[in-house]
Amino acid sequence: LYQAHNKPQEQGEQKRIGEMPMDTAIIKYAAGSNDMGIITLGRISGEYVDRVSSDFFLSETERELVKNVTRIFHAANKKVVVVLNIGGVIETASWKSAPDAILCAWQAGQEGGNSVADVLSGKASPSGKLTMTFPVKFEDAASSDNFPIDMRVSTDLMNKGGKKNDVKNVDYTNYEEDIYVGYRYFDTFGKQVSYPFGYGLSYTTFAYDKAAVKADNGVYTVSVEVKNTGKVAGKEVVQLYVSAPDVAANKPEKELKAFAKTKELKPGEAVVVTLKVNADDLASYDEAASAWVVTPGNYKFLVGASSRDIKATLEAEVAAATQKTNNILKLQEPMSLLKR
């Protein structure tokens, strides 16, 4: 029906192109002559230009478009789908309840149109899961406290390759959020989100059953039966998170350690998914000791459909381990790192 699109300009400014006020009469005509309404919201960024904060939010034109199209098509008893042609997260919390569905196509390239058509027509059941957390607010991300948002590097840095008086959080940034990036931050600190990491729906449903964990010589094998409980064929992505014991120093609430997608399951069909984690994968780096350290204790192995949809919780004992490294990661200056 319509596409709203962003294109970066010089100096990081944004100019929206391809937009025009849509008269409600045009939308009513479209609702009368189409089976459904499809809105595409697009964002573009590149290696040479960072996104600016306004790129996270919908423009007034986009908001009006979603509002009017959904209102008019719903009045005609027809559905509306928003397709997201994006390369990073955008704000969804304030409008996601308006359309009947949101399809995150990312930036799929030349075959993107065929992929979207297959999903919308029902030829294929979507089975992807989000690789990013969609926050409620821009400021909810821990990195927003010190990342150089909407700023340009100084003239000295641009012309001479950097000087000793480079400006903090303009010319360079200390990543003081430390390990708390993405879901590790949102889940650990109990932040409300619009869509959690690992989230994704399909045209069918799945049940998880008979989850178990087995330890063998430092290898932890988790198995779970996944059954298609819906009416159409589909695939499911099973995710395995691990939660370290409370005594572990400054560890996230949970961390993704393995995942796997099932084969296409027919309605009523089940399959056993097996995921393996090595003890070394449970280590965290200790800068003070210059070593990878596995804290001993009782670990929880969380089987889920997303980081916030845990289907089974298993437990296993993990032994202590330390692997020394060269002392090359010592901090050169004090940093106020985020702590749990």
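The second largest pocket has a volume of about 1100 Å³. A pocket here is an open set of points on a 1 Å grid over the protein atoms alone, with protein on both sides within 12 Å along at least five of seven lines. The volume is the space filled by probe spheres set on the points, which are joined across faces, edges and corners.

To find this pocket, select Ile102, Leu103, Cys104, Pro126 and Leu201, the closest to its centre of the 38 residues that line it. A lining residue has an atom within 4 Å of a point. Next, colour β4 (80–85), β5 (101–104) and α3 (112–121), the elements that give two or more residues to this lining. Helices (H or I, at least four residues) and strands (E, at least two) are DSSP runs, numbered from the N terminus. The most comes from α3, with six residues. By residue class, the lining has 22 nonpolar, nine polar and seven charged residues. Ala, Val, Leu, Ile, Met, Phe, Trp, Tyr, Cys and Pro count as nonpolar, Asp, Glu, Lys and Arg as charged, and the others, Gly among them, as polar.

A note on the model before going on. It is predicted: local features need pLDDT of at least 70 and side-chain atom pairs count only at pLDDT 80 or more, while totals for chains, interfaces and linings use all residues. Residues are numbered from 1 along each chain as its sequence is written, and side-chain values use heavy atoms, with hydrogens and water left out.

The largest cavity has a volume of about 40 Å³. Select Arg43, Ile44, Ser45, Arg51, Asp55, Gly87, Gly88 and Gln107 to see what lines the largest cavity. That lining divides into one nonpolar, four polar and three charged residues.

Turn to the rings. The whole structure holds 12 aromatic pairs, meaning rings of Phe, Tyr and Trp (its six-membered ring) with centres within 6.5 Å; planes under 30 degrees apart count as stacked, over 60 as edge-to-face and the rest as tilted. Select Trp106 and Phe134: their ring centres are 6.4 Å apart and their planes at 55 degrees, so this pair is tilted. Trp106 lies in the loop between β5 and α3 and Phe134 in strand β6 (residues 134–135), so the pair ties together parts 28 residues apart in sequence. Phe134 is buried at 2% relative accessible area, whereas Trp106 is partly exposed at 23%. Buried means under 20%, exposed over 50% and partly exposed in between (1.4 Å probe, protein chains only).

Another pair to select is Tyr180 and Phe189, which is edge-to-face, with 5.3 Å centre to centre and 85 degrees between the planes. Tyr180 is buried, at 1%, and Phe189 is partly exposed, at 31%.

Then show Lys96, whose charged end sits over the ring of Tyr195, 4.4 Å from its centre. For this, NZ of Lys or CZ of Arg must be within 6 Å of the ring centre and within 35 degrees of the ring normal.

Two backbone stops remain. Asn77, in the loop between α2 (60–75) and β4, has a positive phi near 60 degrees and is exposed at 73%. Lys210, in strand β8 (residues 206–216), has a positive phi near 55 degrees and is exposed at 59%.

Definitions and conventions: On a 1 Å grid over the protein atoms alone, a cavity is a set of points where a 1.4 Å probe fits but cannot get out, and a pocket is an open set with protein on both sides within 12 Å along at least five of seven lines; lining residues have an atom within 4 Å of a point.
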